[in-house]
Amino acid sequence: MSVTFQKITRQVLNVRVIDDHGHLEEQEGLGVLRDVLSTFWQHIFASLTLGHVEKVPNT
């Protein structure tokens, strides 16, 4: 199955959040999607980027 980028960008995302205790949260809507995307990018930034203290050895 081939999916083009244009087809993906036209899809509606419905996101539900499961809390730390494994319960489904009641909130729905655009605010939840924004929270999920924000949390995702915060985790990516924290785990995959290096701080300004890291140095590459000069060989």
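**Note on a predicted 59-residue chain**

1. The chain has an accessible surface of about 6200 Å², and carbon and sulfur atoms account for 58% of that area. Accessible areas come from the Shrake-Rupley method with a 1.4 Å probe, and for residues only the protein chains shown count as cover.

2. This is a predicted model, in which local features need pLDDT of at least 70 and side-chain atom pairs count only at pLDDT 80 or more, while totals for chains, interfaces and linings use all residues. Residues are numbered from 1 along each chain as its sequence is written, and side-chain values use heavy atoms, with hydrogens and water left out.

3. Of the 59 residues in the chain, 3% are buried. Buried means under 20% relative accessible area, exposed means over 50%, and partly exposed is in between (1.4 Å probe, protein chains only).

4. Two helices and zero strands are assigned. These are DSSP runs numbered from the N terminus: helices are H or I with at least four residues, strands are E with at least two. Helix α1 covers 5-9 and α2 covers 30-48, and Arg 16 sits in the loop between them.

5. Arg 16 is partly exposed at 41% relative accessibility. Leaving aside residues up to four places away in sequence, Arg 16 touches Leu 24, Glu 25, Glu 26, Gln 27 and Glu 28; contact here means heavy atoms within 4.5 Å. The side chain of Arg 16 also reaches the backbone oxygen of Glu 25 at 3.2 Å. The C-alpha atoms of Arg 16 and Gln 27 are 7.6 Å apart, with the two residues eleven apart in sequence.

6. Asn 14 belongs to the loop between α1 and α2. Asn 14 is exposed, at 73% relative accessibility. Its C-alpha is separated by 7.8 Å from that of Glu 28, 14 residues apart along the chain.

7. Asp 19 is in the loop between α1 and α2 and is partly exposed, with a relative accessible area of 27%. A polar atom of the Asp 19 side chain lies 3.0 Å from the backbone nitrogen of His 21. The Asp 19 side chain also reaches the backbone nitrogen of Gly 22, at 3.0 Å.

8. Rings of Phe, Tyr and Trp (its six-membered ring) pair if their centres lie within 6.5 Å; planes under 30 degrees apart count as stacked, over 60 as edge-to-face and the rest as tilted. The count by this rule is one aromatic pair. Phe 40 and Trp 41 form that edge-to-face pair, at 4.9 Å centre to centre with 75° between the planes. Phe 40 is partly exposed at 43%, and Trp 41 is exposed at 54%.

How values were computed. Polar contact = N/O pair within 3.5 Å; in protein donor to acceptor, adjacent residues only side chain to side chain.
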